[in-house]
Amino acid sequence: MARTPLTLAALATAAVPGLDVTTAVRLGSSSGGVDSALLATRDGRSLVVRAPRTAAAESEQSADMVALRALSDGVRGRLPFAAPRLLGQAPAGGTRAVVHEFVDGDPVSLARVTPGLAASIGQAIAAIHALPTSVVADVGLPQLRAVDVVRESTSTLDRAVSTGLVPAGLQRRWELAVEDTTLWQFTPTVINGALAASSFLAIAETVTGVLGWSRLQVADPARDLFWLLGAPDAAVPDAAFDAYHQARGVHDKQLGRRAVFAAELEVARWLLHGTASRSQEIIDDAVGMLHALLDRVHTDMTASLAAEPVRPSTLTDAHDLAGLRSAGGLDLQPVGAASPASPSRPGSGDDVATPPTPRD
C-alpha cells in the first residue's frame, strides 16, 4: 500500500533533525515502486522524500545514494545544472526513506524536445563526461575500458543470439560491429549510464537538473547519448551531438555509430528481458522490433556500423532513413534504467534507428 504524504512527511522529520514541515503533497505516481512527496518547510525550503516499496526500487535508491555522495561541492561546481543533494535518511518499515533537496524545472519529454533544448542537453551531458574519473574511482563505482565495453556488448549479443530469435542479418551486422577495432577507439569517460529524456528537468530551453544517478560509472560516452536518436524531430540529435562536441572540445568520430549500436542492442536486451521474465508478450514485441530493424537497415547499405559509408552522411540523414519523423517518434531508453526488474521498452517496432555518421 502506498504511503500517504503525511506519513512520508513524518519520516522526513525523523531523517532530518529539526525539520519543520508545513505542507506535503504527493509527487508523481506511486506505480513505479517508490512513494514520493514534495515538502514545504517553515524556513522556505522545498524538499523531496522518497521511500521504495519494492526490492528493485530499494536497490536503485542505494546505488543512487552512493553516486550522489560522490558528487561533492567541487564536482557539482563543474556542472551547469543541479543534481539532488541528500539531506538525511530514516528507517521505513524494513527499508528507508531518503530526503533530498528539490530540483526545480519541468520534466522533459523526448517528443517535445526542441533543437534549442537539445543543445542544452548536449552541453549538460558533455559536462558530465568532462568530470575527472576519480569521481567514480574514489567511491568504488565501475570503471570500464573500451575492451570491457566490447566484451559486455558481445555477451549481450551472444545471449540474444542463443535464443534463436535474432535474424541472421542483424546477427552479422552486430558481429561486424564488435569486431571493428576502429569503432571502439575511444577514451572512456564518466557517464551517468541511465540517461533518457525523463532524466532531465528544464526551464524553457535550458537544462536545470539531472535526476537518476544510480548507474554512474566510467564507460563509453555513447551510452549517454543514444536515446536522442529516437527524437521525432530530426534536428534534435544533430543539435545535441553538435553542442556536445563543441562543449567537449574533442571529436569522437565514431560516437554516432556507437550510439546507434547501443540503441539497437537495447532491442536485444528487451528480448532477453522477455525470455528471463518468461513473458511471451515482451518476446513477441522484441521479435517484431528486431525484424523491423532488419528491414530498416537493409534499405540503405551505406548504413553499416562497421565500415565507412560510400557517401557523406549526418545524424539527420540517418534519422530520415530510419523514418523517425512519424508521429510520436521513438522513445529510446536504456533497458533497466528505471530498475533491473522493470526495463523500459526501447521503442516501437516501426521506428528503429539506423546508423548516423558524425561530421568530421
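Mentor: The following account takes the sheet and then the helices on the sheet.

This is a predicted model, in which local features need pLDDT of at least 70 and side-chain atom pairs count only at pLDDT 80 or more, while totals for chains, interfaces and linings use all residues. Residues are numbered from 1 along each chain as its sequence is written, and side-chain values use heavy atoms, with hydrogens and water left out.

Helices (H or I, at least four residues) and strands (E, at least two) are DSSP runs, numbered from the N terminus. Strands of a sheet pair through backbone hydrogen bonds, either parallel or antiparallel. Two strands are said to pair if DSSP finds at least two bridges between them.

The open sheet has five strands in the order S1-S2-S3-S5-S4, and their pairing is antiparallel. At the edges lie strand S1 (21-26) and S4, each of which pairs on one side only. From one strand to the next, the twist averages 25 degrees. For such angles, axes are lines fitted to C-alpha atoms, for helices over the stretch in contact, and the angles run from 0 to 180 degrees between N-to-C directions.

S1 and strand S2 (residues 34-41) run antiparallel and are joined by five bridges. Within this pairing, Ala24 has Leu39 in S2 as its bridge partner.

Helix H1 (residues 5-15) packs on this sheet and touches S1, S2, strand S3 (46-52), S4 and strand S5 (95-101). The direction of H1 makes about 115 degrees with that of S4. Contact here means heavy atoms within 4.5 Å. Helix H2 (residues 55-70) lies across S2, S3, S4 and S5, and runs at about 40 degrees to S5.

The structure holds three aromatic pairs. Phe81 and Trp213 form one that is stacked, with 6.4 Å centre to centre and 25 degrees between the planes. Phe81 is in the loop between helix H3 (73-76) and strand S4 (86-92), whereas Trp213 is in the loop between strand S9 (206-210) and strand S10 (217-219), 132 residues apart. Rings of Phe, Tyr and Trp (its six-membered ring) pair if their centres lie within 6.5 Å; planes under 30 degrees apart count as stacked, over 60 as edge-to-face and the rest as tilted. Phe81 counts as buried because its relative accessibility is 8%, and Trp213 is buried at 0%. Buried means under 20% relative accessible area, exposed over 50%, and partly exposed in between (1.4 Å probe, protein chains only).
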